[in-house]
Amino acid sequence: MSKPHILMPGRMMDLVVQRLDDAFTLHKLWEAEDQEAAIAAVADKVEGIATGGHRRVDGDFMSRFPNLKIVSNFGVGYDTVDAAWAGKHGIYVTNTPDVLTDEVADTTLGLLLMTVRQLSETERYLRAGRWEKEGAFPLTQNTLRERKVGILGLGRIGKAIAHRLEAFGSPIAYHGRNKQSDVPYRYYDNLVEMARDVDILISVAPGGASTHHLISTDVFNALGPQGVLINVGRGSVVDEQALIAALKEERLFSAGLDVFEHEPKVPAELMAMERVVLLPHVGSASIHTRNLMGQLVVDNITSFFEKGKPLTPVAETPVS
């Protein structure tokens, strides 16, 4: 019996490549000199796609594979895959939830503390020899004490962040599409209103058209000159130019960002700002967690071809 054919548009971690190569007929598109010719040669054979966000897997791309049944995505966010189109055509899309929740939540708290207490700035002060020459670093203006936190996107990761913040004694509110009955936090159906009532806004929102530039000038003005923005969701949720303007004009105190609009490009204006803390999208970037994510990519494909259903299908699929 022949093995199902799986297409991998861009190189993924070795664990995924090796295990899919062992169990399936894997087509490594990134190795082909002529990718269009490579696609044409296997288009009618491909039943699965394994992707890590290297290219957009949209309807035009998926329609080239008439026997496509599943797209297994590396990551919780799947905005590079047109899941709605896939659902309309009976194709599963999967992601990798749960296995990275704790790692991202831990990173978020680290980024929050670095930003609020200006820890990156204080370390640079020490490394530059300024402590010895100029004396103690000035007292920081912000603190987590008596600071209210608003979370945009109270999903698995948002809840894990909120749970950790409870240990700090931080009052927590949240904004999302719907109020959740199983959480004790205050719900706001309007993001600007929540921003006006909190001191720190943490975005864990997914990307896509519905959240594009959801955090912009109105939100920054509502947070105010002592407000802090933390973004660990998707860079497209934040209007970066509006953020830069708010920081330059001191309408916002600081920002801690792990994600950006046009990764890996980061605006020079942000990199030049002392108070801003910037991380290169490392929220889940530990070997332990990335291995679990990679294995789930493999397990979703394996489960589909062995049992007819993947382990973690996204909400939009399958519909047809």
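These legends accompany close-up views of a predicted model.

**View 1. The five-stranded open sheet.** The strand order is β2-β1-β3-β4-β5, and the pairing is parallel. β2 (25–28) and β5 (92–94) stand at the edges. Each has a single partner strand, so one side of each lacks a neighbour in the sheet. From one strand to the next, the twist averages 20 degrees.

**View 2**

**View 3. The partners of β3.** Strand β1 (residues 5–8) runs parallel to β3, joined by 3 bridges. Here leucine 7 stands opposite isoleucine 49 of β3. Strand β4 (residues 70–73) is also parallel to β3, with 4 bridges between them. Glycine 48 stands opposite isoleucine 70 in β4.

**View 4. The β1–β2 pairing.** β1 and β2 run parallel and are joined by 4 bridges. Histidine 5 has threonine 25 in β2 as its bridge partner.

**View 5. Helix α1 against the sheet.** Helix α1 covers residues 14–23 and lies across β1, β2 and β3. Relative to β2, the helix runs at about 135 degrees.

**View 6. The annotated region, residues 19–314.** An unreviewed UniProt entry lists this stretch as "domain: D-isomer specific 2-hydroxyacid dehydrogenase catalytic". Over residues 19–314 the chain is 38% helix and 14% strand. The end C-alpha atoms of the stretch are 23 Å apart.

Note on methods. Residues are numbered from 1 along each chain as its sequence is written. This is a predicted model: local features need pLDDT of at least 70, side-chain atom pairs count only at pLDDT 80 or more; totals for chains, interfaces and linings use all residues. Side-chain values use heavy atoms; hydrogens and water are left out. Two strands pair if DSSP finds at least two bridges between them. UniProt positions are given in the numbering used here, feature names are shortened, and annotations may be inferred rather than shown by experiment. Axes are lines fitted to C-alpha atoms, for helices over the stretch in contact, and angles run from 0 to 180 degrees between N-to-C directions. Contact means heavy atoms within 4.5 Å.
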